[in-house]
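Keep the structure open beside you as you read.

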Amino acid sequence: MAGTGPKLAQSPLELLTEDDGTRKPFILHNVWGYLVGGALCLGGSLFATHGLRRPLMSGMQRTIGITVFGALLGNYAHERRELYYAERDAVLRHYVQLHPDDFPPYERKKFAEVLEPWIPIR
Amino acid sequence: MTSLFRVTLRNSGISNFLFQFSGNNEMKFTRTITSKLVKEARPQTESKPKPWPYKEKKYNYFHQFIDRTSSRFDDNSKIIVVEGPVAAGKSKFAKQLADDLDMYYLPEANLDMYYFNDYGFDLRTLDDQLPENARSFDVNNFLMNPRSIQSASFQMNQYYIKLSQYVDALAHVLSTGQGVVLDRCCYSDFVFLEAMYSQGYVSKAAHKKYYDMRNETFGHLLRPHLIIYLDVPVPKVQENIQKRALSYEVKSPALTKEYLTEMEKHYKQNYLKEMSKHSALLIYDWSDGGDPEVVVEDIERVDFNRHDNQDLKFKDWVQHLEEDWAYLRRKYCNEKNYILTLSQVTVFDVPELLLGPEEAHERHELYNNAPGNEFEYGYNAKMGDKNFLFKMSAKYRDTLPLRERRQY
């Protein structure tokens, strides 16, 4: 079975490195913010139009404007989130680089070595 | 609060000094209502700003700095109410009076104004699809069936629609400076309630609720300047009803001698007595009709400018600051719905004013899906509205239509 499945990280530093090949980003990863923000604001805008007792296909400039604004807002939130985690990882990576002794490469073990013998006591 | 910090010339005496040199003081007119004829003969000295289109255009806070409410006021910016018993010839007289005084005539508020929607669809045509107590109930229904369970709510609706009309009248005076002649008003509506109560058509609890509603909304209005009461004795009223020959009035079990007497009693002993403290009052014996021109002459003799701090007469209309007028104008133009909402008093204890949830739901569904009621005015494709794909505006205020009561 060797060679199939995702690549495993060899050390903590590798785990914190981006594009280490250990994971694939979600296909919609880059447009996620646009989609969620846009959809929420489009729904909200149509709900408001319905609440004003008007046909959904009226005041389109408002609906479109609110949707575009919502998409941009969603993307902004997404970018903020990305930035937050990137910064966190960079801090951790830096710490690992400064203290290599505390973070040795992972030891490959078999489960037989991990599990302790079970001795039933009756 | 602003008035506390405001430095004005009004009280300083300088204004009087300035006034001596401002304009022509040789000719002095008494400040009172003038008829169209006199107005035309008089030289036009000052020009008024154009009437504010209050039905379409909102008067917001910042407008007061460029559009002064009092600049449109003149001697004829008054509210006149014509009162009287049934079939006294009020509408004809009021119409004539409005014409003579160059004022705006508002027909008597009636539930036709409510039952016809903006597209002219009559909600009463849906009655056969509704349960008995959720159907429409109008004056003719009341007159034919006064002991109906809906009589009390009918009377509440009558007050509501009259209140709505009176707010419109105030908005008209403040926005255009033109006077208004009303045919009955919300202040006198209680005489009908009292007459109904005396005959046992409404219960004591409903009677009390009516006054709760009336007291909630009262303080927000300015009382009329002038009330003209056309007095017709009861036998003559009955004769007039026969002469008018409206089937539901002639055959009505409600319009009895007792009912009409009670109405007259409350008109004279409650309404006129109370209102004469606040408004000018003219009473005419209208048994055989009369000449509106004589009334116009009498109106021209009334001094509407007389007011005193200790006197209640015309006191509602004494506003010292321009912003007070602007405040009132915003209230009557923009916040009409607020005043109307105040009339929706809580009712839990009067069964005749309550409607069961199933019936209420049924009526709500039916009325909201009626032609023209599906969407807001201007957005109904089924009624021929077009091009609303990019439309965002809507009516900012519900002005009652000038619709006379249907007579059949």
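Between chain A and chain B there are nine residue pairs in polar contact, both residues at pLDDT 80 or more. A polar contact is a pair of N or O atoms within 3.5 Å; within protein, one must be able to donate a hydrogen and the other to accept it, and residues adjacent in sequence count only if both atoms are side-chain atoms. This is a predicted model: local features need pLDDT of at least 70, side-chain atom pairs count only at pLDDT 80 or more, and totals for chains, interfaces and linings use all residues. Residues are numbered from 1 along each chain as its sequence is written, chains are lettered from A and ligands numbered from 1 in the order written, and side-chain values use heavy atoms, leaving out hydrogens and water.

**Where the chains meet**
- The rule finds one salt bridge across this interface (a side-chain nitrogen of Lys or Arg within 4 Å of a carboxyl oxygen of Asp or Glu).
- That pairing joins A:Arg54 to B:Glu376, with the closest N and O atoms 3.4 Å apart.
- Chain A brings 10 residues to the contact and chain B brings 13 residues (contact means heavy atoms within 4.5 Å).
- A:Arg53, A:Arg54 and A:Pro55 lose the most area to chain B on the chain A side, together 54% of what that side buries (buried area is the accessible area, with a 1.4 Å probe, that two parts lose on being put together, summed over both).

**Helix H3 of chain A**
- Buried residues of H3(A) include A:Gly70, A:Gly74 and A:His78 (buried means under 20% relative accessible area, with a 1.4 Å probe, protein chains only).
- The buried residues of H3(A) pack against helix H1 (12-16) and helix H2 (32-51) of chain A (helices are DSSP runs of H or I, at least four residues, numbered from the N terminus).

Conventions
Buried means under 20% relative accessible area, exposed over 50%, partly exposed in between (1.4 Å probe, protein chains only). Helices (H or I, at least four residues) and strands (E, at least two) are DSSP runs, numbered from the N terminus.
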